[in-house]
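Here are my notes for your first reading of this model. Please keep the structure open beside them as you go through the points.

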Amino acid sequence: MREALTLAAQGAALGEVPVGAVLVQDGKIIGRGFNCPISRHDPSAHAEMVAVRDAAQAVQNYRLPGSTLYVTLEPCSMCAGLIVHSRIQRVVYGATEPKAGVVVSRGQFFDQGFLNHRVLVEGGVLAEECGTALSEFFRQRRQKG
Ligand SMILES: [Zn+2]
């Protein structure tokens with residue numbers, strides 16, 4: 001999660017909402033990403049999406065069984081779908097996302113019966129630091145006007 005926070009800060013430096021993600025398989029980081037939809041002109045460039053693409057390329061596999069995704073913010077519906085499609089085993093997130101999070105905030109996406117893959121979820125890891133990175137970013141942006 002520390003590495004994900006470092007990535008989030010890289011995004012913030014580019015003016016992106018600071019969210020970072022890291023994918024770990026067999027104790028090794030195989031993918032990294034930070035939220036960057038503005039600079040990439042890509043609405044799908046959420047931190048999770050970028051990290052999963054990076055990992056899938058690294059291991060040359062469209063599925064990532066046994067892997068753990070660490071992300072600083074509760075995933076949205078798009079990324080939750082991606083997590084299932086990627087066959088990620090476990091998701092560990094930091095801060096909750098009251099507006100768009102679908103793990104606990106706006107619904108329990110991973111509990112839906114039709115899903116053909118079960119994902120283990122753990123939330124609230126370094127939640128305060130992850131949340132502070134976001135609130136600090138928005139506070140500074142408001143000050144700049
Ligand atoms: Zn997302």
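1. The side chain of Ser105 makes a polar contact with the side chain of Glu74, at 2.6 Å; a polar contact is a pair of N or O atoms within 3.5 Å, where, within protein, one must be able to donate a hydrogen and the other to accept it, and residues adjacent in sequence count only if both atoms are side-chain atoms. A polar atom of the Ser105 side chain also lies 3.3 Å from the backbone oxygen of Glu97.

2. Please note that this is a predicted model, in which local features need pLDDT of at least 70 and side-chain atom pairs count only at pLDDT 80 or more, while totals for chains, interfaces and linings use all residues. Residues are numbered from 1 along each chain as its sequence is written, and side-chain values use heavy atoms, with hydrogens and water left out.

3. Ser105 lies in the loop between S4 and strand S5 (120-122), the strands being DSSP runs of E with at least two residues, and helices runs of H or I with at least four, numbered from the N terminus. Ser105 counts as partly exposed because its relative accessibility is 31%, between buried (under 20%) and exposed (over 50%), with a 1.4 Å probe and protein chains only.

4. The largest nonpolar core has 40 residues, and Leu23 is one of those with the most contacts inside it; such a core is a set of buried Ala, Val, Leu, Ile, Met, Phe, Trp, Tyr and Cys residues joined through side-chain atoms within 4.5 Å. Its largest share, 6 residues, comes from H3.
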